[in-house]
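Please prepare a short briefing on the structure shown below.

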Amino acid sequence: MPDELLSRSFEVRGRDFEKAGEASTEIKSLLKALEIDPDVIRRTVVVAFEAEMNVVMYADQGTVSFVVTDDDIGIRVADRGPGIPDLDLALQEGWSTATDEMREMGFGFGMGLPNIRRNSDSFTVESQVGEGTVISSRINLDGVA
Amino acid sequence: MKLVDIAAALDCEALTPLDGVADIDTVVASDGMSEILAFHTPGAVMLTGLTNIQSVRTAVVADVHAIIYVRGKQPPEMVRQLACDKGIPLLSTQLGMFESCGILYTTGLKGAM
């Protein structure tokens, strides 16, 4: 088992656009303090930020958690919300069910889940309509997928 | 290219101090923050019409070095304050996105996408 170096969880509230992104920028600060490779930090924080914004835009409430081991960084974002009826569509770049309010915040252009997948070395998304969504991502510390 | 030279090329108003920014060779331009995150290049300057707090948070996440708001847009004070706290200079140009990108393209800066 790899050694755990750091773990933390953040609560995220739906529709709280002013605080949206605070958890991810805090994660960035914590990872920088561990002197992790900047490209690995950037990929990790893009994953966290996109998933956090999805919680704020679509869900009632969610939790952003991350665990750093000496092998990789694991990000898990679980929300209580409407869920995703068609995951294949949601993973297509450009597909979006965003409202005008979401787009005014600069998000909801159908790039969120694709960006999470692109920056992950491994990635899963599980969703139950009417219950919520869980996104899990791993980013290798050696930067090799 | 130095940020002050980019500011001069677009006739920008500086909304925060411009000190301490490394040379810039790349431009990312979009009102969609996920577009910036998808094609980010560390150390780029970001052109956008989006002035809310997510413009600065996206810049932090994508390691963008400075933000230029187009069409003369001005961010709210809390956005300016967050940018100061994070060390990300903010500028504003009266030019639109198309003109701004065109001018910067002719200076030799490259796009990230």
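In this predicted model, H1(A) and H3(B) pack at an angle of about 25 degrees with their axes 10 Å apart, and they are therefore roughly parallel to each other. Angles under 35 degrees count as roughly parallel, over 145 as roughly antiparallel, 65 to 115 as roughly perpendicular and the rest as oblique. Axes are lines fitted to C-alpha atoms, for helices over the stretch in contact, and angles run from 0 to 180 degrees between N-to-C directions.

Because the model is predicted, local features need pLDDT of at least 70 and side-chain atom pairs count only at pLDDT 80 or more, while totals for chains, interfaces and linings use all residues. Residues are numbered from 1 along each chain as its sequence is written, and chains are lettered from A and ligands numbered from 1 in the order in which they are written.

**Contact between the chains**

- H1(A) passes H3(B) in a left-handed crossing (left-handed if the near helix is turned anticlockwise from the far one by less than a right angle, and right-handed if clockwise).
- On the H1(A) side, Ser24(A), Thr25(A) and Lys28(A) meet Arg57(B), Val60(B) and Val61(B) of H3(B); two residues are in contact if their C-beta atoms, placed from the backbone, lie within 7 Å.
- By class, this contact of H1(A) with H3(B) has two nonpolar, two polar and two charged residues; Ala, Val, Leu, Ile, Met, Phe, Trp, Tyr, Cys and Pro count as nonpolar, Asp, Glu, Lys and Arg as charged, and the others, Gly among them, as polar.
- The contact of the two chains takes 18 residues from chain B and 18 residues from chain A.
- Helix H2 (33–38) and H3 of chain B each supply at least two residues of the side of chain B that touches chain A, and the largest share of that side, seven residues, comes from H3(B).
- The side of chain B that touches chain A has eight nonpolar, six polar and four charged residues.

**Helices H3 and H4 of chain B**

- The axes of H3(B) (residues 53–61) and H4(B) (residues 77–86) come within 8 Å and cross at roughly 15 degrees; helices (H or I, at least four residues) and strands (E, at least two) are DSSP runs, numbered from the N terminus.
- H3(B) and H4(B) are therefore roughly parallel to each other, and H3(B) passes H4(B) in a right-handed crossing.
- Ile53(B), Ser55(B), Val56(B) and Val60(B) of H3(B) meet Met78(B), Val79(B), Leu82(B), Ala83(B) and Lys86(B) of H4(B).
- This contact of H3(B) with H4(B) comprises seven nonpolar, one polar and one charged residues.

**The sheet of chain A**

- Chain A has an open sheet of five strands in the order E1-E2-E3-E5-E4, with antiparallel pairing; two strands pair if DSSP finds at least two bridges between them.
- E1 and strand E4 (122–128) of chain A stand at the edges, each with a single partner strand, so one side of each is left without a neighbour in the sheet.
- From one strand to the next, the twist averages 10 degrees.
- Helix H2 (residues 38–58) of chain A packs on the sheet, touching E1, E2, E3 and strand E5 (132–140) of chain A, and its direction makes about 5 degrees with that of E3(A).

**Strand E2 of chain A and its partners**

- Strand E1 (residues 4–13) of chain A pairs with E2(A) in the antiparallel sense over nine bridges, and Phe10(A) stands opposite Val64(A) in E2(A).
- E2(A) and strand E3 (residues 72–80) of chain A run antiparallel and are joined by eight bridges, with Ser65(A) opposite Arg76(A) in E3(A).
- A hairpin joins E2(A) to E3(A) through two residues.

**Residues with positive phi**

- Arg15(A), although not a glycine, has a positive phi of about 70 degrees, and Arg15(A) lies in the loop between E1 and helix H1 (22–33) of chain A.
- With 13 C-beta neighbours inside 10 Å, Arg15(A) counts as partly exposed; a residue is buried if 20 or more other C-beta atoms lie within 10 Å of its own, exposed if 12 or fewer, and partly exposed in between, with C-beta atoms placed from the backbone.
- Asp11(B), a residue other than glycine, has a positive phi near 50 degrees and is found in the loop between helix H1 (3–9) and strand E1 (13–14) of chain B.
- Asp11(B) counts as exposed, with 10 C-beta neighbours inside 10 Å.
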